Amino acid sequence: MTAIDLRTDIAYQQCMRATCGARYGVEESIFECPKCGDLLDVRYDWSRAVLPKKLKDFEAKWAHQDDPLAFSGVWRFHELLPFAPRDQVITCGEGRTILQQADRVAKFVDVDAGCLFLQYEGLNPSGSFKDNGMTAAFTHAHLVGATRAACASTGNTSASVALYSAVDGRVPAVVLVGSGKIAYGKLAQALDYGVRVLQVQGDFDVCMKRVKEVARELKIYLMNSVNPFRLEGQKTIMYRILEALRWEVPDWVVVPGGNLGNSSAFGKAFQEMVELGLIPHPPRLAVINAEGADTLYRIVNTERLTWDGGRVDEPRIAAFYKQMEAEKRHAKTLASAIEINRPVNLKKCLRALEWTRGVVEKVSDQEILDAKAQVGAGGFGCEPASAASVAGVRKLRRSGLIGHKERVVCVLTGHALKDPHATVAYHTKTDAELAAEYGGYGVRSAAFGNRPVVVADDLAKIVAAIQA
Ligand code: F0G
């Protein structure tokens, strides 16, 4: 298996709607099916592909760290996303993330020691999992000759777009963020890396709608996860998890759900690996919504809608959104990264849930912040949205759906420093102060708060405070 053998003429785009199925070349920059408007998949004629016989064969790449594509945690799996030749790839060392066995957190969520693993995607160059997708999308942007890029964002997408735009230097970008809706760390990155930042008077759902219109009108390359090339990059998070588990499939992969790009990509990764005979079966996927942004939860658990082999009941989804609009229901959660009520990848996620016998749970902001403090206490830490995965496992353990001996991997999507405000508030405020400031989000206490001690500039008092 050498990179030189890689064939990229086997890639194409295809409409995901079974009754349409229209095909397009990878050189097209379209983002929705021009015939029916549905989402597109990147697909491959695997019969003509150059593939490893087994996943373990990818380990040969570890010996070639001087090759930027083997160094990247995304492109060292190039054979499983072969849509672009090597010389088109834009990479900056993304995807070198770690899987950590987390026994303390295992205790918190009530699974046996040795059974809970945390996949730290916050260790990417821009501090979130988005870089896995953005390296692929910028690569595709080059392939199609894009001269400008745009995205809507709750923060991390904009930080990642800004980073790749700066590193690449050939595709300037504009990012649309909801005014006051994104965490400071993320806004700081977009500003610092030099993209044009539009603070739109509205939330993420508004920005998403507008950026699609803008991309269409100005023919700007769209960097959101409606772009199927992004999802190709995000598949590699799953390859790395398998790699870290010595190519064994865990029982569960648990991920927060926002725009549902990750869950869609993870489902596709596993479906393809099963199809190619690289794994015997997929793990089960659990997607965790915040209570205040629970569209997927409602669609799956209340409306009982499924992918149904491609016959998803679209009129009922449309009716659901109409009702949401009539009720003027807007997403509201302290986990601002997943404060999304109209996930663009809803149907792809339903498909992934079918492929993986997946489930959907929702957790409160209180549960999210408590879980976040537990993750933080184990080192590395994560931002609030990421901790929804851990809070979700705890809830699914309580309901008995996840067994205490099952091997569970939580994907921690973003770095702790993305949202220091939430962390500092949790650890420094009294319960009364928390309730006053965050009561509207249902947050009233900090069970795992690590309160700083205020002490006078006096040696005896400092010593006493240390010994206390
Ligand atoms: N976790 C973090 C830290 C995120 O930033 C996001 C999404 C998600 C989870 C949800 O992932 O969309 O694949 O379901 N952030 C996007 C953004 C929407 O604009 O940064 P998803």
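Modeller: Arg240 and Glu121 form a salt bridge in this predicted model, and their closest N and O atoms are 2.9 Å apart. Arg240 belongs to helix H8 (residues 236-244), while Glu121 sits in the loop between strand E5 (116-120) and helix H3 (130-143), so the pair ties together parts that are 119 residues apart in sequence. Arg240 has a relative accessibility of 3% and therefore counts as buried. Glu121 is also buried, because its relative accessibility is 0%, and the cut-off for buried is under 20%.

Side chains of opposite charge can pair when their charged atoms come close. The structure holds 37 salt bridges, and a second one joins Glu383 to Lys186, with the closest N and O atoms 2.7 Å apart. Here Glu383 lies in the loop between helix H13 (365-377) and helix H14 (384-398), and Lys186 lies in helix H5 (residues 184-192), so this pair ties together parts that are 197 residues apart in sequence. Glu383 is buried at a relative accessible area of 3%, and Lys186 is buried at 0%.

Salt bridges can also be linked to one another: Arg7, Asp9, Asp45 and Arg48 form a network of them.

Asp294 pairs with Arg298, the closest N and O atoms being 3.1 Å apart. Asp294 counts as buried, with 6% relative accessibility, whereas Arg298 is partly exposed, with a relative accessible area of 28%.

Arg298 is a residue of helix H10 that also takes part in the contact with helix H11. H10 covers residues 295-302 and H11 covers residues 314-326; the two pack at an angle of about 130°, and their axes are 12 Å apart. H10 and H11 are therefore oblique to each other, and their crossing is right-handed. On the H10 side the contact is made by Thr295, Arg298 and Ile299, and on the H11 side by Ile317, Phe320, Tyr321 and Met324. Sorted by class, the contact of H10 with H11 has five nonpolar residues, one polar and one charged.

Conventions. Residues numbered from 1 in each chain as written. Predicted model: local features only at pLDDT ≥ 70, side-chain atom pairs only at ≥ 80, totals over all residues. Heavy atoms only, no water. Axes fitted to C-alpha atoms, helices over the stretch in contact; angles between N-to-C directions. Helix = DSSP H or I, 4+ residues; strand = E, 2+ residues; numbered from the N terminus. Parallel < 35°, antiparallel > 145°, perpendicular 65-115°, else oblique. Left-handed = near helix turned anticlockwise from the far one by under 90°. Contact = heavy atoms within 4.5 Å. Nonpolar A, V, L, I, M, F, W, Y, C, P; charged D, E, K, R; others polar. Salt bridge = Lys/Arg side-chain N within 4 Å of Asp/Glu carboxyl O. Buried < 20%, exposed > 50% of the residue type's maximum accessible area, 1.4 Å probe, protein only.
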